[in-house]
Amino acid sequence: MAEKKLMKGNEALAEGAVRAGCRFFAGYPITPQNEVPEYMSWRLPQVGGAFVQSESEVSAINMVYGAAATGVRCMTSSSSPGMSLKQEGISYAAGADLPIFIGNVMRGGPGLGNIAGAQGDYWQATRGGGHGDYRTFVMAPNSVTEMGSFPHKCYEVAFKYRIPSMVLTDGIIGQMMEPVEFTTPEVDPKALPEPDWAIGVNHNRAKRIVKSYDLREGFLELMVNERVKRYKQIEAAEVMYEEKMMDDAEIAIVAYGTSARVSVAAMKLAREKGLKVGLFRPITLWPFPKARLVELSKRVKKFLVVEMSLGQMVEDVQLSLNGRAEVHLHAKPGASVMTADEVYRTMDAIVKKGAKEYAAAK
Amino acid sequence: MQLQNKRPESLLDVKMHYCPGCGHGTIHRLVAEVMDELGIRSRTIGIAPVGCAVFADTYFNCDMIQGPHGRGPAEATGIKRAKPDTIVFSYQGDGDLASIGMAEIVHAAIRSENITVVFVNNAIYGMTGGQMAPTTLIGQKATTCVEGRTAKQSGYPIKMCEMLATIDGATYLERTTVHNVPGVIKTKSALRKAFQYQIDGKGFSMVEILSMCPTNWGTRLDNPSEATKFVAEGMLPVFPLGLYKDACAVKK
């Protein structure tokens, strides 16, 4: 068994990235993600990596764009307002097929919002966020241990399919301390094969160009469509989710990250009161676990989406189910956290409303 | 017959898209000659900007990267820190470097990133069709100041070499021109020094090169001397040529 350490979520995210082979980090201070650059600033030099505190989020993402083009595993992190600034660079990385890795420790928004944990960047993360047609591989951890282990998967997917990848977490998971166990294998970047697209020292080979544009008529379409093929492969092979007490569930809560943790407590409360509630937790937010939701809808007819936003993931649940089941929403925007009791009461109301309608129909 | 001069190996034999009388072709060639002479082609990474030189990625015979407008120095930072054994140059125009990318160039200099910046100043936005640039002269006409730039409306042209010279991290800054033969020769020696400093690990260097844009200046394409005259009489008084900083100069 691996050694257990007490760490903050943000520190685990940084350490997880280093263990997954990250050797370059650029970032800018913003709460509640500051522990990531702070940790990287002393940790990367220990493993022969480089750390730069950039002048802005814009610069940070472009430093990562440059470093990624050399085939090095690299990372930038930020929190919501800073992520807005990074979107141009993420779009370019997607357009140039660069495997960058990004951590977004979400806080309240829009605007400066506040510094408490929130889930208001779901659309930004899963819809691309920047300009143009593209996708980003997005994972949502719900514990400090997952913060430490997800970078490994993110790099794996990013390099296999040449796509930007992201850990989408929030200020609560970022700031809280938990015992963490690093179970993913430690990656030695020197042992990894040099990618056949990376720019660098170019003895005895043709020149390489990393770029996101093609002005020739029809060629951009070919470029994007080639990428779409990879997106389809990711959708087929890389979906991850977790289910709790779904076997006999009549209501399924759909929640990720901190909301999923609250939902576990709500589920237990509901079970005590005799409601057959289960939890479906998407781990990859893109690709979204559509097929599994459709499968579940054969026997579960009520879904309750619980999120710390005005209701963003609920749209993905609706799109996935496409009318096959009821989709309800327990939304908590403005960087507030719902209580387990509030979620239980919503479930109770959904069940009672259902029963009344059932009686009326008879 | 003996071949006296040939295309540098660092420049590919492809048709360039630059307009007649434009200085980019000359500057590309000078950069390529320097790469050849210093023997660094096979470990050089060039960064193409957004602007007229965006297609530089297809012209230079070395690894190239093209990224967001003005962010070349940030990309260069990432590349150089990740792969310190490479030689990295960022090729940028005035809108790219002195307007949208002002923060990136200033902070690359502050950190004294060990990179070389080739800054082409032609006082206009070329690719987008002749809008006012941060280096557009007072009185100079552009599509966004049709009566000529006024200080009241748009402030004054920015002098990058002078400004960056105040930064401790800037190692080498020189302003040259390609509007005449002595200027071309001087530009090459400045570029050579800028790349040599990078090879020697001396830190941030930038060569600001005054260049022509007959198409967007509205000077006659069939009479290139109109454009070179604009550099000589319009730009030189505002952007004086010369060495602005050489932190490694041998003191005599």
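## A parallel pair in chain A

Strand 2 (residues 24–27) of chain A pairs in the parallel sense with strand 3 of chain A over four bridges, where helices (H or I, at least four residues) and strands (E, at least two) are DSSP runs numbered from the N terminus, and two strands pair if DSSP finds at least two bridges between them. Within this pairing, A:Gly27 has A:Gln53 of strand 3 of chain A as its bridge partner.

Strand 3 (residues 50–53) of chain A has A:Ala50 and A:Val52 on a covered face, while A:Phe51 and A:Gln53 lie on an uncovered one.

## About the model

This is a predicted model, in which local features need pLDDT of at least 70 and side-chain atom pairs count only at pLDDT 80 or more, while totals for chains, interfaces and linings use all residues. Residues are numbered from 1 along each chain as its sequence is written, and chains are lettered from A and ligands numbered from 1 in the order in which they are written.

## The two domains of chain A

Chain A is divided into domain 1 (4–237) and domain 2 (242–361), with bounds that come from an automatic or database domain assignment. The contact between them takes 28 residues from domain 1 of chain A and 21 residues from domain 2 of chain A, two residues being in contact if their C-beta atoms, placed from the backbone, lie within 7 Å. On the side of domain 1 of chain A that touches domain 2 of chain A, the largest share, four residues, comes from helix 5 of chain A.

## Chain B as a whole

Chain B has 10 helices and seven strands, and 57% of its 252 residues count as buried, a residue being buried if 20 or more other C-beta atoms lie within 10 Å of its own, exposed if 12 or fewer, and partly exposed in between, with C-beta atoms placed from the backbone. The C-alpha atoms of chain B fill a box of roughly 50 × 50 × 40 Å, taken along the principal axes.

## Where the chains meet

The contact between the chains takes 27 residues from chain B and 32 residues from chain A. Helix 3 of chain B gives the largest share of the side of chain B that touches chain A, eight residues, and this helix is mostly covered, with 11 of its 11 residues buried. Among those buried residues are B:Gly72, B:Glu75 and B:Arg81.

Which strands form the edges of the open sheet of eight strands? The order of this sheet is 9(A)-2(B)-1(B)-3(B)-4(B)-6(B)-5(B)-7(B), with mixed pairing, and the edge strands are strand 9 of chain A and strand 7 (242–246) of chain B, each of which pairs on one side only.

Strand 9 (residues 209–210) of chain A runs parallel to strand 2 of chain B, and two bridges join them, with A:Val210 standing opposite B:Ile65. Strand 2 of chain B is also joined by four bridges to strand 1 (residues 44–48) of chain B, again in parallel, and there B:Gly46 has B:Met64 as its bridge partner.
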